[in-house]
Amino acid sequence: MDERSHTDPPPEQAVFLGEGGPAAAAATWARFVLDDNNLDSAWPLMDRPLRLALVQSWLLNAYTGPLRDKDMLAGVIEEGGHPLWSKFAAWRMQRWHAETFAFLLSGWGVVSIPEAAAPDIKFVRLASTTSGHAVEAGQPLTVQTLTMRFVNQRWLLGGIGRTLAVPGWPPSEQTLPSTNT
């Protein structure tokens, strides 16, 4: 007989949503990006390959200065503290707010259903909502999936969509299948 209360989530869902879990990490990242417009705080919550790919994308698509050693320049911007950081961050946030996450800017919440691509890779879906950060049962959902990777004992954003970022010239993405059926 199951001794859990009817309000307790199943163990897998509790781990997914709990402190230190992938959904909590994704929600923290989303608060910085969507609510606070603060890439400086969100940056350390992202996996290095994603950070590097985002900088490479900016260098290829928006940077108009000299590109003598693009690998070195991408690396130092990705590490933070470079004079070009503010230009990169403004461009990245503008694109995310105008395109990728525009539908979430008026309210979002985490969908509580766990989904995995691998034991160390989980998908977290952010849904648009008009009720704060709660997604109400039965509410039609428009979602954006975030791919979270377990790296160095914590969950980090590894990709936007059901992908992992792949740095390069140009950067690309590796599409991930779900292990859930």
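First, some ground rules. The model is predicted, so local features need pLDDT of at least 70 and side-chain atom pairs count only at pLDDT 80 or more, while totals for chains, interfaces and linings use all residues. Residues are numbered from 1 along each chain as its sequence is written, and side-chain values use heavy atoms, with hydrogens and water left out.

Let's start with the layout. The chain has 6 helices and 7 strands. Here, helices (H or I, at least four residues) and strands (E, at least two) are DSSP runs, numbered from the N terminus. Along the sequence, the pattern reads α-α-α-α-α-α-β-β-β-β-β-β-β.

Now the surface. The chain's accessible surface is about 9700 Å², and 53% of that belongs to carbon and sulfur atoms. These areas come from the Shrake-Rupley method with a 1.4 Å probe; for residues, only the protein chains shown count as cover. Of the 181 residues, 44% are buried. Buried means under 20% relative accessible area, exposed means over 50%, and partly exposed is in between (1.4 Å probe, protein chains only).

Next, contacts, meaning heavy atoms within 4.5 Å. Take contacts between residues at least 6 apart in sequence: 54% of them join residues at least 24 apart.

On to helix α2. This helix has 14 residues and spans 19 Å from first C-alpha to last, close to the 20 Å expected at 1.5 Å a residue. That expected span is 1.5 Å times one less than the number of residues. Its buried residues include Trp 29, Val 33 and Leu 34. After α2 comes Asn 37, with a positive phi near 55 degrees.

How do α2 and α6 cross? The axes of α2 (residues 22-35) and α6 (residues 85-100) come within 10 Å and cross at roughly 95 degrees. Axes are lines fitted to C-alpha atoms, for helices over the stretch in contact, and angles run from 0 to 180 degrees between N-to-C directions. So α2 and α6 are roughly perpendicular. The cut-offs: under 35 degrees is roughly parallel, over 145 roughly antiparallel, 65 to 115 roughly perpendicular, and the rest oblique.

Who meets whom? From α2, it is Trp 29, Val 33 and Leu 34; from α6, Met 93, Trp 96 and His 97. By class, that contact has 5 nonpolar residues, 1 polar and no charged. Ala, Val, Leu, Ile, Met, Phe, Trp, Tyr, Cys and Pro count as nonpolar, Asp, Glu, Lys and Arg as charged, and the others, Gly among them, as polar.

Helix α4 (residues 48-61) also packs on α6, at about 95 degrees, with axes 10 Å apart. That makes α4 roughly perpendicular to α6. Among the residues in this contact are Trp 58 of α4 and Trp 91 of α6. The classes are 6 nonpolar, 2 polar and 2 charged.

Stay with α6. Its buried residues pack against α2, α3 (39-42), α4, α5 (70-79) and β5. Look at His 97, in α6. Is His 97 buried or exposed? At 18% relative accessibility, His 97 counts as buried. Leaving out residues up to four places away in sequence, His 97 touches Val 33, Leu 34, Asn 37, Ala 102 and Leu 105.

Last stop: Gly 159, in strand β5 (residues 154-160). Gly 159 has 1% relative accessibility, so it counts as buried. Again leaving out residues up to four places away, Gly 159 touches Leu 50, Leu 146 and Thr 147. Gly 159 and Gln 174 are 15 residues apart in sequence and 9.1 Å apart in space, C-alpha to C-alpha.
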